[in-house]
Amino acid sequence: MIKLIGFAVGYCTWMLGSSNLFAAARELSASKAPFSFTLYTTNVLPWALKQRVGIVQDGEGLASQGVKKILQYATQSLNMAIYGVQKESWFLSHLKDLKQRKVRLQAVVDQDRGIVGEWKPENFTYKDTVLLKEILTARRVVPDQGQDGQVRAGTIMHNKFLTADYRWLWTGSTNVTHTCLGSEYNANASMLIDSPELAAIYNREFAQMFEGLHFSIFKEEVETEPTIRYGDGTEVSVYFSPKGQAIESGVLPFIEQAQKTIDIGMFYLTHQAVVEALGLAVERGVRVRMISDAVAAAHPSSKVKELRNLGVQVRVENWGGKMHMKSAIADHKHVIMGSMNWTEAGNRKNDENTLVIRNNDRLARQMAAYFESLWTTLERVTYDARAESLYSINSCYDGVDNDHDGQVDAKDSGCKLARQDDKD
């Protein structure tokens, strides 16, 4: 894990090409304080280097510290927009303590089947999500739903953010699960941010879901969130899917404005406009690298082959756990981080959040160092391993259905394949 409290210094004008029309259209909001944050990345290296093997367990990884801190900072209120909960008993225990201390606890979660409000484990991707109802009461936990009050097929409440006391924000790609936090099996990046301005923006989005019951395409049309310029020159823009045009207004300008390097850690990247923008970046001399998840690389909609043909350097993880990040670093100055995969569904259907952080070289350098440590583990891998196979490290011994086919470890056909089949 890389952990950093960063205070970036300096400011540069970063407006190139036609894409700056998006940036120019965003209202600016000023904060005299510097951009104050702590970066938390999951330490997957022991798994990737075969120093750690076996079943993925419940527990408290180093990346859990960001969540623990925001729970500690919550003395009045805690708003949680999370995909769900799987294991992580320490998290549930902390919520019980907060409830006893009369902290106002509220949550929105994803429910993918059944009847809204029917708290059965099989209705949730992460079965322990139902325990939130027991701790917070059903009135304080709202599952995502359509205008008719029914579970929406084909969309998910995919956010991972917490706000505390109208000041603190924790957000990123990390789910509250044993694979993401407890055992740090999946590669993730999240931040704990001290910013009343950002917390207020996220609380408004939370209220749309929790109070208004507006999810996905049924969100209300809202004014474009302002870009916040901090006292140290850092600029932060927030894009909430599906109303915020995160790809068009955030991701594409980020790519188009890159001058030297773009490094991407991504679970799913299938959005065609993004693929084309990365190809154009390569054409103008930008070095573009990406680490893809093995599940995504094997999916019929995978763009890995097309990206490679366009000159993007792509390596597919073989760690067992997921490349679960939704992040990019450009020119060692600028960072994208959040919950949104770069897909059409992430942009147009799901409830997601994306942060674009400009002119913070310390954050960018630390994110780049994390990316480099992961990239290096794959430098001698000459084939794309399947997510669950003998050549995806520990994936046949971890107790996790890595490729989501209903088969786990020895029962998975991929764990019986020869290397050549794995490469194909």
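This is a predicted model: local features need pLDDT of at least 70, side-chain atom pairs count only at pLDDT 80 or more; totals for chains, interfaces and linings use all residues.

I traced an open sheet of 9 strands with mixed pairing, and I read its order as β2-β12-β13-β19-β18-β17-β14-β15-β16. At its edges I found β2 (28-30) and β16 (313-316), each of which has a single partner strand, so one side of each is left without a neighbour in the sheet. From one strand to the next, I have an average twist of 15 degrees.

I looked up how β2 is joined to β12 (residues 227-229) and found 3 bridges, with the two strands running parallel. Among the paired residues I noted Ala30, whose bridge partner in β12 is Arg229.

I followed helix α7 (residues 196-210) across β12, β13 (235-241) and β19 (352-358), and its direction is at about 5 degrees to β13. Helix α13 lies across β14, β15, β16, β17, β18 and β19, and I recorded an angle of about 60 degrees between α13 and β15 (287-292).

I located Ser395 in the loop that runs between α13 (361-377) and α14 (419-423). Is Ser395 buried or exposed? I count Ser395 as buried because its relative accessibility is 0%, where the cut-off for buried is under 20%. Its side chain reaches the backbone oxygen of Ser389 at 2.9 Å. Setting aside neighbours within four places in sequence, I listed the contacts of Ser395, including Tyr185, Gly320, Asn402 and Asp409.

Technical notes: Residues are numbered from 1 along each chain as its sequence is written. Side-chain values use heavy atoms; hydrogens and water are left out. Helices (H or I, at least four residues) and strands (E, at least two) are DSSP runs, numbered from the N terminus. Buried means under 20% relative accessible area, exposed over 50%, partly exposed in between (1.4 Å probe, protein chains only). A polar contact is a pair of N or O atoms within 3.5 Å; within protein, one must be able to donate a hydrogen and the other to accept it, and residues adjacent in sequence count only if both atoms are side-chain atoms. Contact means heavy atoms within 4.5 Å. Two strands pair if DSSP finds at least two bridges between them. Axes are lines fitted to C-alpha atoms, for helices over the stretch in contact, and angles run from 0 to 180 degrees between N-to-C directions.
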